Structures are given as C-alpha cells and as structure tokens.
Amino acid sequence: MAQGIKERFETFLHEKNLMTDTLAKIEAKTGVSRTYIAIAVMGFIGVYLVIGYGASLLCNLIGFLYPAYISIKAIESATKDDDTKWLTYWVVYGVFSVAEFFADIFLSWFPFYYTGKCAFLVWCMAPTASNGSVQIYNRIIRPFFLRNEAKIDNVMKDLKDKASEAADKIKDEAKKATANIMFEEKKSS
C-alpha cells in the first residue's frame, strides 16, 4: 500500500502543471529531488498549521484555491465526470463550512485543529475515485437530501417568495421616496 501511495505521489509530482513546473525549476537549480522538496514544503505547512499565525487563513486557502483552479479547468474540459467530481467537493465544502461556522469557536481551541481540518480538506479533494467528498456525499448528504427533498424545496420556495416580496416592497418604497424628493424639489423651486 505504501508503495502504491509513493508511486501515485511521484506520478502527481511529474504531471504538467504550474506547481510541478515550479518544482522542476527548483529541482534543476538546487539538485534536490522534487519529491524531497515537496515533502519539505508539506512538512513546513504542517508545522505552520500547528504553531503559525494565520493557520485558519492558510487552511482555508488550501481548501479553496486548488479546488477553485481545478473546477475552472473542469468546466472548460469536454468531459462531465470531472464537473461532477468538483461539484461534489463544493457541496461537501459548503456543508462543512456551515457546520464549522457554528463549531469553530469551540474547535479552534483544540491543538492540531487546523492540521486536522486541512487534512480533511485534502482528503476531500484527493485525486482518487472514492475521495472524502464522494464518500461523505454518498453516505451522509445524498441520503439526507433525498429523504428531505420535498421539505427543502418548500423552504426554498418560501424563502424565494419572501425575498421577492421584500424586494418589491423596497422597490415601492424607493419609488415613493424618489417621488417625494422630486415633489419637494418642485415645491421649493
């Protein structure tokens, strides 16, 4: 198993993209293998997530930047499979972000919280067929959604109707305010 992970890691480090091009340049200048450079960078990030200032920001960037970049590439590709994979990631990321919003005040005090969060997000975006986002979606989110789809649809329709009503009221009030201002200007001139 460890050999398989090492081989996938090596294959990943030799794919053609911005990160591996940068690693290749560093490797050429220093003579140090890109594998060791990548492991050192990951080690530094791991330590920084434990003791560094701004670990939350770094963790959120890791969970957002690469998936956003790959999602744009997926949208521009001809295949649908990669679109589904990244949509699944974003659904899981969204659910996780909402849950974390309420739990973060307590969880952020735990040692290694940001390291664990970052590991979770990397697991969710891992380039495997059954990565974390696929497993969480299929085991938790999808069954919950399918059981409650009608209720969720009703809530969403109610919210949409209320938002539309509020927008109409704001528009009417803006028209009245504009008419009053214009009337006051005519009256004063």
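Visitor: Which residues form one aromatic cluster here?

Guide: The cluster consists of Phe64, Tyr66, Trp86, Tyr89, Trp90 and Tyr93. Please keep in mind that this is a predicted model.

Visitor: How many aromatic pairs does the structure hold?

Guide: There are 10 aromatic pairs in the structure. One of them joins Phe120 and Trp123, whose ring centres lie 6.1 Å apart.

Visitor: And why does that pair count as tilted?

Guide: A pair of aromatic rings is described by two things, the distance of the centres and the angle of the planes. The planes of Phe120 and Trp123 stand at 50 degrees, so this pair is tilted. Stacked pairs have planes under 30 degrees apart, and edge-to-face pairs have planes over 60 degrees apart.

Visitor: What is the relative accessibility of each?

Guide: Phe120 has 21% relative accessibility, so it counts as partly exposed. Trp123 has 38% and is likewise classed as partly exposed.

Visitor: Let us change topic. Is Thr88 buried or exposed?

Guide: Thr88 is buried, because its relative accessible area is 12% and the cut-off for buried is under 20%. This residue lies in helix H5, residues 81-107.

Visitor: Which residues is Thr88 in contact with, leaving aside neighbours within four places in sequence?

Guide: With those neighbours set aside, Thr88 is in contact with Ser133, Val134 and Tyr137.

Visitor: Now the whole protein. How many helices and strands are there?

Guide: The protein has 7 helices and 0 strands. Read from the N terminus, the order of elements is α-α-α-α-α-α-α.

Visitor: Why is the protein described as more spread out than a compact globule?

Guide: Its radius of gyration is 24 Å, whereas the globule rule gives 16 Å for 189 residues; the value is well over the rule, so the protein is more spread out than a compact globule. The C-alpha trace spans about 80 × 50 × 45 Å along its principal axes.

Visitor: What share of the residues is buried?

Guide: Of the 189 residues, 19% are buried. The protein exposes about 14,200 Å², and 68% of that area is supplied by carbon and sulfur atoms.

Visitor: One last point: what share of the contacts between residues at least 6 apart in sequence join residues at least 24 apart?

Guide: That share is 49%.

Definitions and conventions:
Residues numbered from 1 in each chain as written. Predicted model: local features only at pLDDT ≥ 70, side-chain atom pairs only at ≥ 80, totals over all residues. Heavy atoms only, no water. Helix = DSSP H or I, 4+ residues; strand = E, 2+ residues; numbered from the N terminus. Rg over C-alpha atoms; globule rule 2.2 N^0.38 Å. Buried < 20%, exposed > 50% of the residue type's maximum accessible area, 1.4 Å probe, protein only. Contact = heavy atoms within 4.5 Å. Areas by Shrake-Rupley, 256 points an atom, 1.4 Å probe, with all protein chains shown as cover. Phe/Tyr/Trp six-rings, centres within 6.5 Å; stacked < 30°, edge-to-face > 60°.
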